[in-house]
Structure formats: structure tokens, C-alpha cells
Amino acid sequence: RGDVALVVLCVGANDAVLPGRKMHVPLQRYAANLQSMLEALERALPGATLFVMTPPPIDEDWIRAQPWFAPDGRSLERHRAYAVAALSVAEAMRRARPSDACRPR
């Protein structure tokens with residue numbers, strides 16, 4: 001455990017589907033879950049840097065064009081809300097570093 005220098009946590013892309021879908025996690029619960037994960041990682045790996053990646057932006061047109069992709073309501077705006085929540089949780093914790101590369105614009 002003492003030799004872990006970096007933990008990268010990227011969660012939320014599947015959580016951001018429409019309510020009622022199997023993978024959906026409400027935004028407030030997502031933020032609370034992320035905070036719990038980061039707190040557990042802080043306790044277990046006190047010397048590690050925690051790096052939080054936000055759910056990535058998506059290309060709605062590309063997703064809709066894929067015949068194999070089940071429509072689940074993924075949208076850029078919904079992913080942005082989850083990304084903002086991830087940034088907020090990470091920034092509130094002193095040791096978690098949010099990913100600027102994934103910061104919504």
C-alpha cells in the first residue's frame with residue numbers, strides 16, 4: 001500500500017443515462033458515492049495522489065447512428081452535469097486533484 005503513488009478514478013459516464021435505465025444513478029447519489037470512494041481511498045492510501053477524471057464529453061450524433069448502441073438517453077448536457085459534480089467533489093477534498101483536461105467548458 002505504501003508504494004501506490006497515483007490513483008486515477010473515472011466514474012460517472014454510465015451513471016448519467018436517463019432515470020429508469022439500469023445503470024442510472026441520480027446526480028446527488030453519484031456525488032455522494034464519489035465522495036465516499038475518495039474518502040475510502042484517502043484512508044487506505046494516505047500517500048497516494050488521487051486524480052479524478054470527469055465523465056467524458058460525448059458525441060450524441062455518433063451514438064445515435066450506432067445500430068448496436070441501445071438508446072439510453074445519453075446527452076452532452078447530462079454528462080456535463082455529472083462532470084461538474086465530479087469536479088465539485090474533487091475540489092472540495094484537499095488531496096483529490098480534478099482533471100483540467102475533462103473540465104466542462
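**A first tour of the model**

Tutor: We may start with Gly20, which is found in the loop between β1 and α1; helices (H or I, at least four residues) and strands (E, at least two) are DSSP runs, numbered from the N terminus. Please note that this is a predicted model, in which local features need pLDDT of at least 70, side-chain atom pairs count only at pLDDT 80 or more, and totals for chains, interfaces and linings use all residues. Residues are numbered from 1 along each chain as its sequence is written, and side-chain values use heavy atoms, with hydrogens and water left out.

Student: Is Gly20 buried or exposed?
Tutor: Gly20 counts as exposed because its relative accessibility is 81%. Buried means under 20% relative accessible area, exposed over 50%, and partly exposed in between (1.4 Å probe, protein chains only).

Student: How far is Gly20 from Asp72?
Tutor: Their C-alpha atoms are separated by 9.4 Å, although the two residues are 52 residues apart along the chain.

Student: And Ala16, where is that found?
Tutor: Ala16 is also found in the loop between β1 and α1, but it counts as buried because its relative accessibility is 0%.

Student: Which residues does Ala16 touch?
Tutor: Not counting residues up to four places away in sequence, Ala16 touches Arg78, His79 and Tyr82. Contact means heavy atoms within 4.5 Å.

Student: New topic: what pattern does the protein chain follow?
Tutor: Read along the sequence, the pattern is β-α-β-α-α-β, with three helices and three strands. Buried residues make up 35% of the 105 residues.

Student: What pLDDT does the protein chain average?
Tutor: The average is 85, and 87% of the residues score at least 70. pLDDT is the predictor's confidence in each residue, from 0 to 100. Among the elements, α1 has the highest mean pLDDT (95) and strand β3 (residues 96–98) the lowest (59).

Student: In which sense do β1 and β2 pair?
Tutor: They pair in the parallel sense over five bridges; two strands pair if DSSP finds at least two bridges between them. In β2, Val52 is the bridge partner of Leu9.

Student: Which residues make up the covered face of β2?
Tutor: Leu50 and Val52 make up the covered face, while Thr49, Phe51 and Met53 make up the uncovered one. In a regular strand the side chains alternate between the two faces of the sheet.

Student: Which elements give two or more residues to the largest nonpolar core?
Tutor: That core has 18 residues, and Val7, Tyr30, Leu34, Leu38, Val52, Ala86 and Val89 touch the most other members. The elements giving two or more residues are β1 (6–10), α1 (27–44), β2 (49–53) and α3 (76–92), and α3 gives the most, with five residues. A nonpolar core is a set of buried Ala, Val, Leu, Ile, Met, Phe, Trp, Tyr and Cys residues joined through side-chain atoms within 4.5 Å.

Student: How many aromatic pairs are there in the whole structure?
Tutor: A search finds one. Tyr30 and Tyr82 form this tilted pair, 5.1 Å centre to centre with 50° between the planes. Rings of Phe, Tyr and Trp (its six-membered ring) pair if their centres lie within 6.5 Å; planes under 30 degrees apart count as stacked, over 60 as edge-to-face and the rest as tilted.

Student: Which parts does the pair tie together?
Tutor: Tyr30 lies in helix α1 and Tyr82 in helix α3, so the pair ties together parts that are 52 residues apart in sequence. Both Tyr30 and Tyr82 are buried.
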